[in-house]
Every structure is written in structure tokens, then in C-alpha cells.
Amino acid sequence: TKNEAQGLQLAGIVNSAKTSNLQISGFMNRGGNVNGAQIAGFINMAKNVKGPQIAGFINIADSSDYPIGIINIVRNGEKALGLTYDELGTGLITFRSGGRVLYGLISLGYNLNSSRSDDYYAMEAGIGARLLHTPYFRLNAEIYTQSLYDFRKDAYQKHGVRVLPSLRFAERFEVFGGPSLNFVNFDTDDHINLTKRYLWKETKKDNFYGLMLGYTAGLHIKI
């Protein structure tokens with residue numbers, strides 16, 4: 001623990017300083033004013049962070065424009081709950097949280113195209129960036145990974161990038177929708193194909209790989 005750390009503050013478990021330039025730890029960083037970056041295996045906590053704030057799970061700050069984590073609680077940032085639907089028929093409840101530029105997302109849901117014999121429960125996580133921000137219109141880009149589980153077999157995996165234009169109304173509400181480019185892979189012995197619209201596809205032994213265009217649409221409520 002230090003009051004001030006002018007250079008690199010490195011620890012296996014916990015760093016703590018009132019002011020610092022760079023904090024790197026295996027588990028947790030605590031800082032006041034961080035002029036550089038915070039990088040932690042699990043959690044970062046600070047007042048004002050000028051550089052990136054990177055955590056394996058959660059970032060907490062009064063001010064942080066570039067948090068990279070699954071959950072980012074930033075006082076001068078944004079938090080929103082959303083309902084989304086995609087081209088595979090997966091419906092998700094999504095929590096997005098972050099700063100002025102970057103944010104994280106985590107989702108839970110269910111694939112509505114599931115059969116009675118194969119119920120697919122969904123989990124998604126990713127990172128987004130605000131490319132354009134006006135009072136009524138936004139343009140966001142996200143990279144994400146989605147897994148569909150039946151809790152008996154290996155997951156049906158989808159990884160992608162999407163662009164999401166959105167319109168804001170009534171101050172707290174936002175409707176959005178846009179295209180995505182996705183890479184899909186699954187074991188053909190465990191799963192059926194949820195779509196036939198592929199730009200490219202290949203099967204090696206029992207493993208299917210495919211590249212496809214898709215979409216995501218939904219509603220955000222600012223909290």
C-alpha cells in the first residue's frame with residue numbers, strides 16, 4: 001500500500017495507492033487518481049482513471065472512459081438492461097455497463113427455436129464501443145461470444161462482431177438493431193444446425209464450422 005506510486009505498481013494479489021500511473025495485479029487494484037492504466041485479474045476500483053481500466057470481471061470508478069470488463073460500474077457512465085433477439089432465435093436479457101467510450105455486456109437467455117428434446121439456454125459476454133453518440137441517435141459496435149447449453153453436451157458456440165444503430169426516446173429508452181458477422185462451431189453428434197444461411201461452412205470429423213451474416217435487435221432501458 002502506498003500514498004503515491006509514480007511508476008509501475010505490481011502485485012500478485014492487491015495494489016493500493018491514492019495516486020498512481022500504472023497498477024497491475026493478479027486479483028485487485030485500488031486507486032484514487034490513476035493517470036495511466038489499471039489491469040487486474042478480477043477487480044479494479046478507483047476514483048478517476050485516465051487510461052484503460054482492464055479487469056477479468058468488474059471495474060468500479062467515478063470516472064473511466066475506457067473500462068474493459070464484463071461489468072463496469074462507472075458513476076459518470078451508463079448502465080442499461082435490455083431485451084435482445086438474434087438470427088438463431090435466441091432471446092436474451094442483457095446488462096450493459098461502462099463509460100463514455102467503452103462498455104461491457106453480459107446476457108442470459110433461451111433459444112426459442114429449441115426443441116423439446118434439446119432445450120438451449122444461452123449465455124453471452126462481450127465488449128462494446130460507442131462510435132457515435134448524439135442525444136437521439138447512437139452507433140455502437142460490439143464483439144461478443146455466445147454459448148448455447150443443454151447441460152448435457154458441449155456448448156453450441158457463436159462468436160461475432162456487430163454494429164448496432166439505435167434511437168433514443170423518452171430519455172431512458174432505446175431501440176436498436178443491426179447486422180452481425182458470426183463464426184459458429186459445434187459438434188454434429190451433439191447439436192443440430194440452427195440455420196442454413198452460411199457464407200462458408202466446413203465439417204471436419206464431427207465438428208462443424210461456419211461463417212454467417214446475422215442480426216441483433218432489441219430494446220434498452222437506462223437504469
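Glutamate 174 is buried, at a relative accessible area of 6%. This comes from a predicted model. The glutamate is part of a salt-bridge network with Glu78, Arg138 and Arg168. In total, the count comes to 13 salt bridges. Side chains of opposite charge can pair when their charged atoms come close.

- Glutamate 174 pairs with arginine 138 in a salt bridge, with 3.7 Å between the closest N and O atoms.
- This pair links distant parts of the chain, 36 residues apart. Glutamate 174 lies in strand 13 (residues 173-187), and arginine 138 lies in strand 11 (residues 137-149).
- Arginine 138 has a relative accessible area of 3%, so it is buried. The cut-off for buried is under 20%.
- Salt bridges link Glu78, Arg138, Arg168 and Glu174 in a network.

**Lysine 158 and glutamate 87**

- Lysine 158 and glutamate 87 form a salt bridge, and their closest N and O atoms are 2.7 Å apart.
- The two residues sit 71 residues apart and link distant parts of the chain. Lysine 158 is in strand 12 (residues 156-169). Glutamate 87 is in the loop between strand 7 and strand 8 (90-98).
- Both lysine 158 and glutamate 87 are buried.

**Arginine 75 and aspartate 62**

- A salt bridge joins the side chains of arginine 75 and aspartate 62, at 3.6 Å from N to O.
- Distant parts of the chain are linked by this pair, 13 residues apart. Arginine 75 is in the loop between strand 6 (71-74) and strand 7 (78-86). Aspartate 62 belongs to strand 5 (residues 58-68).
- Arginine 75 counts as exposed because its relative accessibility is 70%, and exposed means over 50%.
- Aspartate 62 has 27% relative accessibility, so it counts as partly exposed.

**Threonine 90**

- Threonine 90 is placed in strand 8.
- Its relative accessible area is 1%, so threonine 90 is buried.
- The side chains of threonine 90 and asparagine 111 are joined by a polar contact of 2.9 Å.
- Leaving out residues up to four places away in sequence, threonine 90 touches Thr84, Tyr85, Tyr110, Asn111, Ala122, Gln146 and Leu148.

Notes: Residues are numbered from 1 along each chain as its sequence is written. This is a predicted model: local features need pLDDT of at least 70, side-chain atom pairs count only at pLDDT 80 or more; totals for chains, interfaces and linings use all residues. Side-chain values use heavy atoms; hydrogens and water are left out. A salt bridge is a side-chain nitrogen of Lys or Arg within 4 Å of a carboxyl oxygen of Asp or Glu. Helices (H or I, at least four residues) and strands (E, at least two) are DSSP runs, numbered from the N terminus. Buried means under 20% relative accessible area, exposed over 50%, partly exposed in between (1.4 Å probe, protein chains only). A polar contact is a pair of N or O atoms within 3.5 Å; within protein, one must be able to donate a hydrogen and the other to accept it, and residues adjacent in sequence count only if both atoms are side-chain atoms. Contact means heavy atoms within 4.5 Å.
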